[in-house]
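Here is a short briefing on a few residues and their surroundings. Look at the backbone angles first, then at the packing.

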Amino acid sequence: MSSVEEEISAYCKKLRLSHAFAERAMSTGETANQEYLLELLKKEVEMRAAGRIQKFMNAAGFPQHYRPDQYHTEEIDFPAGITFQSLLDLDFYESGKNVIMYGGTGTGKTMLSILIGMSACQKGIPVRFYRTTELVNLFAEAKERGRLSVFTAKLNKAKILILDEFGYVPYDRIGSELLYDYLSSIHEQKPVILNTNLEFSQWVNILYDERMTAALIGRLTHHVELILFPGGNNRLRESSINEMMTRTARRQEVHNG
């Protein structure tokens with residue numbers, strides 16, 4: 001089998017064309033015809049791949065699209081081993097870690113999370129982006145209409161969940177409980193990217209229940225990359241999150257050791 005025939009066979013498999021079609025394609029006697037067919041198959045594969053990426057982009061719900069070269073990282077405090085590029089490369093996804101971005105309003109958390117989500121879509125990984133208030137309300141509405149399982153099944157199609165503006169306003173109590181239930185159900189199954197301007201010690205003010213809040217924080221920080229944004233570093237180090245992250249790190253060291 002010639003190299004052209006091998007490529008035709010490979011593209012036929014990618015396009016899930018029948019074995020008979022592949023045989024007929026390779027049996028044509030003219031090399032020029034085979035090369036023309038090969039180009040058609042290549043373009044079809046490229047078009048399908050581009051269409052799939054666009055489908056993921058549309059389904060993700062990003063409020064805007066950005067380019068990586070539009071983003072400035074000079075003042076962001078990345079943890080050891082984490083860079084802007086490693087986030088776009090989805091290293092956290094491969095290692096099964098959540099990402100929590102902490103800092104004041106307008107410091108770049110939303111834009112960075114969108115860029116990460118867009119990178120995932122381009123790699124064929126489905127993503128869902130929500131302002132947290134919106135998702136809480138959707139959970140509450142689905143529950144009220146008896147369609148919670150349908151909504152959850154739709155949400156489960158995403159392999160990365162992005163929650164933006166967590167903690168900007170108090171949430172509906174029922175919706176908060178449903179959000180907690182869902183995040184608990186996907187714990188260690190899919191990564192969550194969460195953007196917040198609240199210290200962990202203040203989360204109870206929007207989630208109402210101390211026990212539920214503590215449990216949610218524990219799950220989200222079990223395996224996490226914490227990224228600090230300008231204006232929040234000192235407050236964060238002085239808050240209860242620092243102690244909690246230290247305990248989490250120590251547990252991981254004991255577990256890994």
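Tyr-208 is partly exposed, with a relative accessible area of 32%. Here, buried means under 20% relative accessible area, exposed means over 50%, and partly exposed lies in between (1.4 Å probe, protein chains only). This is a predicted model: local features need pLDDT of at least 70, side-chain atom pairs count only at pLDDT 80 or more, and totals for chains, interfaces and linings use all residues. Residues are numbered from 1 along each chain as its sequence is written, and side-chain values use heavy atoms, with hydrogens and water left out.

**Positive phi angles**
- Most residues other than glycine have a negative phi.
- Tyr-208 has a positive phi, near 75°, and is not a glycine.
- Tyr-208 sits in the loop between helix 10 (204–207) and helix 11 (210–220).
- Helices (H or I, at least four residues) and strands (E, at least two) are DSSP runs, numbered from the N terminus.
- Glu-165 also is not a glycine, and its phi is positive, at about 55°.
- Glu-165 belongs to strand 3 (residues 160–166).
- Glu-165 is partly exposed, and its relative accessible area is 25%.

**A buried leucine**
- Leu-41 lies in helix 3 (residues 31–60).
- Leu-41 is buried, with a relative accessible area of 6%.
- Which residues does Leu-41 touch, not counting those up to four places away in sequence? They are Ile-8, Tyr-11, Cys-12, Leu-15 and Leu-17.
- Contact means heavy atoms within 4.5 Å.
- Leu-41 and Cys-12 are 29 residues apart along the chain, yet their C-alpha atoms are separated by 7.4 Å.
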